[in-house]
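Trainee: Could you take me through how one reads the overall build of a chain and the packing of its helices?

Mentor: Gladly; let us look at the structure together and go from the whole chain to the single residue.

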Amino acid sequence: MIRFIALVSTVILIAVPGFAEVKIQEVTSPKGIKAWLVNEPSIPILAFDFIFKGGASLDSDEKQGATYLMTGLLEEGTGDMDAADFSRATESLAARFGFDATRDSVNLSAEVLKSNAPEALALFGKAITAPAFNQVAVDRVKNQVISGLKSDETDPSAIASKALREQMFPDHPYARGVEGTIETITALTTDDLRAAHQAALALDRAFIGVVGDVTAEELGPMLDALLGDLPTVGPPLPARKAFSATGGITVIDHDSPQSQALWAQKGIERDDPDFFAMYVMNRVLGAGGFTSRLTEEVREKRGLTYGVYSYLASAEFGDYIGGSVASGNETIAQAIDLIQSEWQRIVDDGVTDAELDAAKTYLTGAYPLRFDGNSQIAGILSGMQWQNLGIDYIATRNDQVNAVTREDVARVTKKFLDPDGLRFVVVGKPVGLDSTK
Amino acid sequence: MRALLKPLLTICLFAPFAAYAKTGDVTTFTLNNGLEAVVIEDHRAPVVTHMVWYRVGAADEKLGKSGIAHFLEHLLFKGTDKMEAGEFSQIIAANGGSENAFTSRDYTGYYQRIAADRLPLMMQLEADRMQGLKLTEEEVLPERDVVIEERNSRTESNPGALFSEHRNALMYDNHPYGIPIIGWMHEIKNLSREDALEFYKTYYAPNNAILVVAGDVDPEQVKSLAQTHYGSLIPSDTIPERVRPSDPPNRAAVHTVFEDPRVRQPYVIRTYAAPQRKAGDQKQAAALVLFAELLGGSGVTSFMGQRMQLEQKISLNQAAFYDGVSLDPTSFGIYAVPAPGVGLTKLEAEMDATLAAFLETGVDADHLARLKTQVSASEIYALDDQSGTARRYGEALTSGLTIKDVQDWPSILQSVTAEDIMAAANAVFDIKSSVTGWLVSDKESAK
């Protein structure tokens with residue numbers, strides 16, 4: 001006997017200037033599945049976003065790529081429906097389903113019409129909870145994944161990325177590619193995929209955001225029907241891994257007129273109290289599009305690249321601060337030199353008041369622009385839960401940005417930035433650059 | 001980043017059908033100086049998308065000056081009489097806005113997404129750079145190096161992109177669509193400040209521009225703001241008519257093999273000459289859109305997918321593609337990626353057999369019905385995609401279509417019959433109008 005349809009435990013009304021009203025309700029389904037909901041009745045569509053923590057990091061070394069392949073196969077048949085049956089049914093309902101795996105998560109999404117939402121969600125639920133893993137589909141999708149891996153063998157960014165992650169996080173799932181290797185993919189069996197399915201889609205790791213023309217009372221039973229048959233508890237997650245690369249340069253010879261460089265140094269945890277200070281700092285240093293120091297020095301003043309940027313990669317099982325630049329073989333050494341200098345300069349001198357103000361007004365002003373569609377907002381809601389940000393985060397996030405002072409930036413650059421610890425991986429035929437230890 | 005080129009090979013299931021806000025939410029006006037404007041209301045969030053589109057693209061360049069439209073687009077972020085170089089982007093960023101620009105064969109566009117109350121500022125800045133651009137050699141030369149690096153990143157480092165350029169050059173014998181949007185490297189290297197300014201003065205004027213504003217705005221207010229900021233710009237009476245050299249009759253099928261040692265996954269691709277969406281005459285293009293979906297839309301439910309990938313297991317991936325938004329006649333394409341162990345000779349033969357089989361079998365009525373369901377749904381989904389809707393209006397209005405054409409498009413798609421589709425299919429599959437290409441690491445091993 002169901003005593004309640006859905007339990008609405010929290011309702012929070014966000015009223016930040018510049019925002020549409022974002023009223024998040026925390027919904028708990030009759031079976032205990034939690035989700036955050038924004039009721040948006042003005043358009044007759046519903047958007048669901050599901051994040052299952054773990055992702056490709058759950059694969060063993062021998063079975064790497066299993067989670068990625070499994071996720072790709074969720075749309076390739078369920079029950080007695082084969083891939084074409086499933087696809088035809090999706091087309092008939094004009095539903096839009098997304099299936100993706102990253103190193104940290106499996107991400108599923110559904111956009112459906114209000115008019116046929118029950119049928120569309122029933123179909124999506126079957127795909128998620130009862131994938132068929134038909135051998136014929138498995139073989140076909142395996143070949144597609146292998147084709148992509150082969151192409152990566154000569155792709156400069158893919159080559160650089162592989163070399164860098166192996167240096168950053170050796171002997172850890174983060175050293176591997178999400179898609180696995182040609183050898184491991186080839187060897188995966190249907191049993192492996194079933195095991196990966198049970199491991200990767202566990203309800204204790206699920207974070208759910210829903211936006212659309214649906215009430216909390218309606219949502220609870222929907223979630224139970226969708227996900228109720230999934231395992232309740234997932235296997236152990238990998239341990240966090242410390243950043244292990246040392247400062248220096250790795251050159252990988254590749255026949256190309258241009259060199260692609262990626263770089264990294266040790267990172268900062270997402271829940272570190274200094275995270276926002278670093279986030280604002282990086283806006284000035286390298287994340288700032290056309291207004292960052294790296295873009296100004298490497299692109300605008302000297303025309304050495306089409307794009308240069310840095311970013312904070314603060315992830316589930318390990319962190320780093322990274323960046324990317326591509327420049328002609330003759331000029332890549334100069335570009336790297338400039339990046340190293342800018343890394344040092346912001347440590348030595350911090351940022352100016354004008355830079356800090358510009359960074360803050362940009363970051364606070366740009367935040368509401370992310371809320372530009374039901375599925376985008378659903379993704380924000382699931383992401384907030386994953387990162388344990390609290391249901392009032394949308395209202396407080398800009399305050400945290402605005403609270404960062406010049407002194408904070410000066411302190412955190414010295415604490416976290418490590419100009420001598422930057423490892424560059426350069427793929428191309430760079431002139432005047434040699435590998436160091 | 002600045003200067004996103006439109007991919008030459010666009011395959012997107014939903015794009016052909018999408019999308020427009022319901023007619024009631026779209027209003028239009030034209031200023032006395034000829035600036036046309038489209039306003040799309042969406043009051044769900046206090047955000048606005050502000051776009052200015054120019055009716056000029058890479059296909060309007062002078063011979064020998066390939067890449068100038070795109071290079072100029074980069075240079076529009078330099079200074080004006082009133083602004084220092086780079087100040088434009090700084091002001092947008094300081095107001096929390098995102099911005100970018102893009103160049104295609106038929107248009108060049110600039111946009112910002114920002115809090116709705118900053119719309120007047122966006123108009124002020126965009127109007128300023130419509131006619132007030134100021135360029136120095138010190139700014140132009142490094143930016144040309146940026147474009148060279150952009151070409152290195154996008155094209156030279158990517159055999160698939162080089163192959164696409166090569167096929168395109170073969171596809172258009174005389175029409176400038178055969179010239180890459182970013183420009184040939186040897187011509188980019190010679191583009192000058194004077195080239196950029198001449199192109200700018202020729203084409204950047206209010207009567208060659210379309211303003212698209214989408215978001216939390218009131219159309220009357222937009223009109224009055226547009227009058228304030230854009231109204232005093234001076235129209236040009238020397239904008240060239242957009243008549244490009246056209247192609248001679250196609251007399252022989254072209255077949256080409258592109259070898260690059262970096263290729264790890266060979267494939268075969270073919271394009272056929274095809275008509276575009278024309279103002280007041282979109283039926284044939286609508287039939288081709290649906291035909292592309294039936295033939296090679298979904299990997300597993302389309303005719304090619306069913307036969308080549310699922311039944312014969314000779315392709316890993318295959319598709320048909322067609323985008324009818326184009327000022328001049330365009331192309332309809334198909335491609336197939338071989339399954340392991342399958343040579344391109346066999347794959348191409350089977351691709352031909354598949355096309356013949358489609359023409360023999362005809363339209364699957366159930367499949368067509370499903371596609372029309374998706375067309376209807378795309379009208380609802382489009383309500384949740386403000387900037388996508390804005391983009392579609394800008395793209396259409398700079399490619400020879402009218403607002404009415406955009407708004408009529410869904411009903412034209414709905415009205416297409418199986419007979420229309422077969423007629424369009426039979427007309428487009430003229431092998432003499434086609435270019436077939438193989439992308440391989442070396443010719444022998446790929447056969």
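**From chain to helix contact**

Mentor: Of the 437 residues that make up chain A, 59% count as buried, and please keep in mind throughout that this is a predicted model.

Trainee: What is the radius of gyration of chain A, and what would a compact globule with 437 residues have?

Mentor: For 437 residues a compact globule would have a radius of gyration near 22 Å, and chain A, at 23 Å, agrees with that. The C-alpha trace of chain A spans about 70 × 55 × 35 Å along its principal axes, and its accessible surface comes to about 16700 Å², with 51% of that belonging to carbon and sulfur atoms.

Trainee: How many helices and strands does chain A have?

Mentor: The secondary structure comes to 15 helices and 14 strands. If we take the contacts in chain A between residues at least 6 apart in sequence, 80% of them join residues at least 24 apart.

Trainee: How should I describe two helices that pack against each other?

Mentor: Two packed helices are described by the angle between their axes and by the distance between those axes. In chain A, the axes of helix H9 (residues 275-287) and helix H12 (residues 353-366) come within 9 Å and cross at roughly 110°. Since angles of 65 to 115 degrees count as roughly perpendicular, H9(A) is roughly perpendicular to H12(A).

Trainee: Which residues make that contact between H9(A) and H12(A)?

Mentor: H9(A) contributes A:Tyr279, A:Val280, A:Arg283 and A:Val284, while H12(A) contributes A:Glu355, A:Leu356, A:Ala359, A:Tyr362 and A:Leu363. By class, the residues of this contact are seven nonpolar, no polar and two charged.

Trainee: Is A:Asn282 buried or exposed?

Mentor: A:Asn282, which lies in helix H9 of chain A, counts as buried because its relative accessibility is 4%, and buried means under 20%. Leaving aside neighbours within four places in sequence, A:Asn282 is in contact with A:Ala287, A:Gly288, A:Ser310, A:Tyr311 and A:Leu312.

Trainee: At what angle do helix H9 and helix H15 of chain B cross?

Mentor: The axes of helix H9 (residues 283-296) and helix H15 (residues 418-428) of chain B cross at roughly 85° and come within 8 Å, and H9(B) and H15(B) are therefore roughly perpendicular to each other. Among the residues that meet are B:Leu288, B:Phe291 and B:Leu294 in H9(B) and B:Ile421, B:Ala424 and B:Val428 in H15(B); the residues of this contact divide into 10 nonpolar, one polar and two charged.

Technical notes: Residues are numbered from 1 along each chain as its sequence is written. Chains are lettered from A and ligands numbered from 1 in the order in which they are written. This is a predicted model: local features need pLDDT of at least 70, side-chain atom pairs count only at pLDDT 80 or more; totals for chains, interfaces and linings use all residues. Side-chain values use heavy atoms; hydrogens and water are left out. Axes are lines fitted to C-alpha atoms, for helices over the stretch in contact, and angles run from 0 to 180 degrees between N-to-C directions. Helices (H or I, at least four residues) and strands (E, at least two) are DSSP runs, numbered from the N terminus. Angles under 35 degrees count as roughly parallel, over 145 as roughly antiparallel, 65 to 115 as roughly perpendicular and the rest as oblique. Contact means heavy atoms within 4.5 Å. Ala, Val, Leu, Ile, Met, Phe, Trp, Tyr, Cys and Pro count as nonpolar, Asp, Glu, Lys and Arg as charged, and the others, Gly among them, as polar. The radius of gyration is taken over C-alpha atoms; the globule rule is 2.2 Å times the number of residues to the power 0.38. Buried means under 20% relative accessible area, exposed over 50%, partly exposed in between (1.4 Å probe, protein chains only). Accessible areas come from the Shrake-Rupley method with a 1.4 Å probe; for residues, only the protein chains shown count as cover.
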